[in-house]
Amino acid sequence: MRCEQCGKADAVVRITRIESGAAPYQLCLCQSCAAKASPHQKKLLEKQSTYDVLLQKLMKHQAVGEFEAGGSVAEVAEEESPLTCPSCGLNFGDYQRTLMLGCPDCYESFSDVLEKDLTRFHRATRHTGSEEHKPSELANLQDRLRDARSELKSALEIEDYERAAFLRDEISNIESRMEELRTGEA
Amino acid sequence: MDAKLFDRTDSWLKGGAGDTGHIAVSSRARLARNLGGFPFAPHAKPPALENVEKYIAEGIGRCERLGAFERLELAKLSGDERAYLRESRLISREMEQGGEHRVAWVSPEESTSILVNEEDHLRLQVVRTGLGIRDALEALKEIDAALADVVGYAWSERYGYLTACPTNVGTGFRASVMLHLPGLRQLKEIESGLQGIGHHGLTVRGFYGENSEFTGDFYQISNEITLGRTVDEIMDTLMLVVNRLVEKESEARLELFRHHESSVADAIWRSYGTLSFARRIGSSEAMRLLSMIRLGIDKGWFGDLSHAALNRLVLEVQPAHLERRRGREGKFDSRDEARAAFLRERVQAANGHHKDAAS
Ligand SMILES: [Zn+2]
Ligand SMILES: [Zn+2]
């Protein structure tokens, strides 16, 4: 159906209006009329544009990566990796589409780009509060796993294979302990 | 599902509504929490969701404070049962959809529920009658502390409580108060009354939550911002705005009866007439009529019918509540007939002093 406001574009959302003197009524609107009519729709649109900015960035990044890496496909992929959460494998594009993150670590993995969204939603990027917080064993293990994985990466880069072997064992120990906790088979 | 549970689900309606009870209908406080070391629910595969559920169930099992909570597997309830729990505000609209490894731990007496594997691993919520939002928050904090001891939350220094959707990150806290604003609506001051609410990081929804219309002049005010402010700051902002709206609505009702009494009284008594005699009433019509009756209660026109009793009526005419009654009585062909019969009975029985209005 056509947008009930401008009559030009296709209607994509239905919004409810309240105006004094009348019962609430519904309007089917196109994207741009909806953005004008409702702050919520505007927010969604802005999110869309964040995604576009990100795509541009990614393409630029990739070009630089190619140049520096002499066109090696594997290394270009490596350069892109900041856009995938190493802990859960979620791609930032999946977040943009669903607005849902994959795991608690995604907040760190995507922090730069995510903070733009946080500013939009909350006009803030940092938590304030005085809650005492004690993490569970599982959360501690998750932190250790993340550290060990990144250390393993650096160890491989400098070809310290002894350290790498040690870390590999440590990672598998942490993983099996986490598995025990998660499935209650401890 | 245990039939007795249904009979207890609406016990939150019993509490005294206080001196703002004619305007503030109910309050709800909610916290979103997730477990460290597990993937968030929306992108998680069924085995991961199962692990989350087992881990939480095991934790709750060890927790004395939560000993009285009943565990309900959403997938094992019928659609009608889930709708009933949603109308009673024990589960969310999202949970009403059901789904594997989704569980609600409920304590109807405390009007408290712990939802597992909704958008977040844990959604804790407490409902109270009237403007009982601070009371709800205190109860909620206690449940939160008890759970934190046994499961361990996903948390970061920078972002606070980590939630699947960044719109809830930080405190994970959402407070909402349902207000009945027929005076402002009839004086056409609703728009100006609600203006600027977004500026405070608050939002307004209808009776049925997101995207719903303002059926029966019910408006839910809640915070949208959860990051960068403490729970107490969020509460203070909400209370500031809610108290101002309560004040404005009080003034609007005075004004309405002072300058437009005959037309308001006419509308209220016509609503009373329809509720007393109609043979079929749909749910949104019922909400509209009950809204007018609720306004008349201020004037003492409807005898035994209190604001609290009317809040209960509003709940009892919702489809799943009515369906359960219809199933028990088994004598009505349609839900709208059952609704009209039920309303006739309640409204006629309650009216003791309607002659007062004519005097
Ligand atoms: Zn348009
Ligand atoms: Zn992640």
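1. Donors here are N, O and S atoms within 2.8 Å of the metal (3.2 Å for Na, K and Ca), and since water is not among the atoms, sites may look incomplete. With that in hand, the zinc ion (ligand 2) has C85(A), C88(A), C103(A) and C106(A) around it, each through SG, at 2.3 to 2.4 Å. Along the sequence, these donor residues follow the spacing C-x2-C-x14-C-x2-C.

2. A quick caveat: this is a predicted model, where local features need pLDDT of at least 70 and side-chain atom pairs count only at pLDDT 80 or more, while totals for chains, interfaces and linings use all residues. Residues are numbered from 1 along each chain as its sequence is written, chains are lettered from A and ligands numbered from 1 in the order written, and side-chain values use heavy atoms, leaving out hydrogens and water.

3. What about burial at the zinc site? C106(A) is buried, at 0% relative accessible area, whereas C88(A) is partly exposed at 32%. (Buried is under 20%, exposed over 50%, partly exposed in between, with a 1.4 Å probe and protein chains only.)

4. Over in chain B, have a look at strand β4 (residues 112-116): five of its five residues are buried, so the strand is largely enclosed by the rest of the structure. T112(B), I114(B) and V116(B) sit on one side, S113(B) and L115(B) on the other. Strands are DSSP runs of E, at least two residues, and helices are H or I runs of at least four, numbered from the N terminus.

5. β4(B) pairs antiparallel with β3 (residues 103-107) of chain B over five bridges, and V106(B) has S113(B) as its bridge partner. Pairing takes at least two DSSP bridges between the strands.
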